[in-house]
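Okay, thanks for making time, everyone.

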Amino acid sequence: MKKLILALLLLFMVVAQTFAQDMKTYQYAERDTLNLYLDFYTPEHVHDSTICLVYVFGGGFIGGHRDGDFEKAYFKQLVDEGFQVAAIDYRLGLKGVKNLGITHSEPLEKAVNMAVEDAIEAVAYLLDHAKELKVNKDYIVMVGSSAGAITSLQMDYVLCNGYLNSNILPDDFRLAGVVSYSGAIYSTEGKVKYRNHKPAPTMLFHGTADRLVPYKKISLFKLGFFGTDALVDRFEKFDYPYFARRFKDYGHSIAAAGPFTVDDLVWFCRHYVYDKEQWQFDGLIENLNPAAMPAYDMFTPGDLYK
């Protein structure tokens, strides 16, 4: 048994080292005296229609890493499916913030804007080095978890409305898709509106009992934080393509569902990105085991910003 365990450990180390050899790190920006990096993972075979997934990690805008063990295991799954993966840094704008809420939302707006600005810079770097990295600008998809999902959704919202530093990207640039694990969009203008362009095809995963990133919406006058349920309503109204999976009675743990939904992501990319289908898919996942929920599943902002 010990020999078998040792052999398995050695095999795992070889696989991990092989995977690491397919990754290179690049500094893509310097912001507020911070150097921002991205790790670029490349599959064995790259062709003209290889999709580049730009991954934005989660952590409440107070923590998280582009190269954590969870993330790297997920990236290996994605690379094995033939995707390029660019895992990016971004500034964490809510460090030290307390009592965050709808009546104290300015720090959230600032943190989201900072993260989006950095994500746009990262995509600009990929476009500037597209030939060297073999990135096709027509097949760039944002993928994010929690704060990273907020950033990914918000980036598409910003690009469609010409906000922040979106002008550093080519006028004809459009994201090929957005994949959100427990994300939302922050608006200071009331309901979410895509003024200049329609949003990219969007894939949404969310727990219906999420108390950290709203599944529905939180709003006060023109300020609002619009989660999956509210975004689906908008996409339905304007006939925008989307794919939603709602997890009944689950909370924020769905932010970590990436490794368990790779097949869904592959399907989404085949139909929405390559075939440019305009489908609207909405599914409810029920009868999951509540005992399997991790402790952080019912976190609220008060648990993080206190």
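So let me start with a question: leaving aside its neighbours within four places in sequence, which residues is Arg174 in contact with? They are Lys137 and His197, where contact means heavy atoms within 4.5 Å. Before I go on, the housekeeping: this is a predicted model, so local features need pLDDT of at least 70 and side-chain atom pairs count only at pLDDT 80 or more, while totals for chains, interfaces and linings use all residues. Residues are numbered from 1 along each chain as its sequence is written, and side-chain values use heavy atoms, with hydrogens and water left out.

Back to Arg174. You'll find Arg174 in the loop between H5 and strand E6 (177-181); helices (H or I, at least four residues) and strands (E, at least two) are DSSP runs, numbered from the N terminus. With His197 there is a side-chain polar contact of 2.9 Å. By polar contact I mean a pair of N or O atoms within 3.5 Å; within protein, one must be able to donate a hydrogen and the other to accept it, and residues adjacent in sequence count only if both atoms are side-chain atoms. Arg174 counts as partly exposed because its relative accessibility is 36%. The cut-offs there are under 20% relative accessible area for buried, over 50% for exposed, and partly exposed in between, using a 1.4 Å probe and protein chains only.

Next, Ser105, in the loop between strand E4 (84-88) and helix H3 (106-128). Ser105 is buried, at a relative accessible area of 5%. Not counting residues up to four places away in sequence, Ser105 touches Tyr186 and Leu223, and a polar contact of 3.2 Å links the side chains of Ser105 and Tyr186.

Phe61 isn't a glycine, yet has a positive phi of about 60°. Phe61 sits in the loop between strand E3 (52-56) and helix H2 (69-80), and counts as buried because its relative accessibility is 2%.

On to H2. With 12 residues, H2 reaches 17 Å from its first C-alpha to its last, close to the 16 Å expected at 1.5 Å a residue; the expected span is 1.5 Å times one less than the number of residues. And which residues of H2 are buried? Glu71, Tyr74, Phe75, Leu78 and Val79. They cover an arc of only 140° around the axis, so they are on the same side of H2; that arc is taken from the directions from the helix axis to the C-beta atoms. Exposed Asp69 and Asp80 are on the face turned away from that buried side. Just after H2, Gly82 takes a positive phi of about 100°.

Last thing, cysteines. How many disulfides are there, if we ask for a pair of cysteine sulfur atoms within 2.5 Å? The count is 0. For Cys52, the nearest cysteine sulfur is that of Cys269, 11 Å away, and Cys52 is buried at 0% relative accessible area. The sulfur of Cys160 is too far for a bond, because the closest cysteine sulfur, in Cys269, is 18 Å away. Cys160 is buried too, with a relative accessible area of 3%.

Definitions and conventions:
A disulfide is a pair of cysteine sulfur atoms within 2.5 Å.
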